[in-house]
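Trainee: I have this one open on the screen and would like to go through it with you. Can we take it topic by topic?

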Amino acid sequence: MTITHQNSTTDGPQFVGIKFCPECNNMLYPKEDKQNKKLMYHCQNCEHVERADNNCIYVNKITHEIDELQNIVGDVITDPTLPRTQDHPCPRCSQCLAVFFQAQSSVADQGMRLYYVCCNQQCNHKWTE
C-alpha cells in the first residue's frame, strides 16, 4: 500500500479533475479515512492510496448569461418621452423609425450602450449597436 501526500496552496474550490493512479493508471476514487478524518483517493485495482490535496471532490459552476435584449419591454415604442430616430433602420424589417434609449450594460467592461426598438408593431425587433 502506497500513501502519497500532496500540498495545496489554493484558496477555495476550483477545477476538480479526474485523478489517476500513478502505479496502474486506473481512476482514483474518493474515500473517507474515518479514523484520521481525512479525504483520501484510492485505486480499486491496486493498493495505491493518496491523501486528497483539496477537500472538494466536485464543483458545479453555474454560469448564466443574460440576454439584455430580452429584458426590454416591447411597449417602449408607445412611450412619448423616449426619443425616436430615422437614422438607424431596423435590421429585420428595414423600417426607418425606431425608439432608442441608453442604459447600463450588464457586462462590466462595456459601460453604457444604446438600445433600439423598431416602431413597427408587427416587428418590434430589439437591437443594439
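Trainee: What does the accessible surface of the chain come to, and how much of it belongs to carbon and sulfur atoms?
Mentor: Bearing in mind that this is a predicted model, the accessible surface of the chain comes to about 9,600 Å², and carbon and sulfur atoms hold 47% of that area.

Trainee: And how much of the chain is buried?
Mentor: Of the 129 residues in the chain, 26% are buried.

Trainee: Switching topic, how many helices and strands are there?
Mentor: The chain has 0 helices and 8 strands, so the pattern read along the sequence is β-β-β-β-β-β-β-β.

Trainee: Which residues make up the largest nonpolar core?
Mentor: That core has 9 residues, namely Ile 72, Val 76, Ile 77, Leu 82, Val 99, Phe 101, Tyr 115, Val 117 and Cys 119. At least two residues of this core come from strand S6 (98-104), and at least two from strand S7 (112-118).

Trainee: What does Phe 101 touch, leaving aside its neighbours within four places in sequence?
Mentor: With those neighbours set aside, Phe 101 is in contact with Ile 72, Leu 82, Arg 113, Leu 114, Tyr 115 and Val 117.

Trainee: What about His 42, buried or exposed?
Mentor: His 42 counts as buried because its relative accessibility is 18%, and the cut-off for buried is under 20%. This residue sits in strand S3 (residues 38-43).

Trainee: And which residues is His 42 in contact with, beyond four places in sequence?
Mentor: Its contacts there are Met 27, Leu 28, Tyr 29, Pro 30, Lys 31, His 48 and Val 49.

Methods:
Residues numbered from 1 in each chain as written. Predicted model: local features only at pLDDT ≥ 70, side-chain atom pairs only at ≥ 80, totals over all residues. Heavy atoms only, no water. Helix = DSSP H or I, 4+ residues; strand = E, 2+ residues; numbered from the N terminus. Buried < 20%, exposed > 50% of the residue type's maximum accessible area, 1.4 Å probe, protein only. Contact = heavy atoms within 4.5 Å. Areas by Shrake-Rupley, 256 points an atom, 1.4 Å probe, with all protein chains shown as cover. Core = buried A, V, L, I, M, F, W, Y, C linked by side-chain atoms within 4.5 Å.
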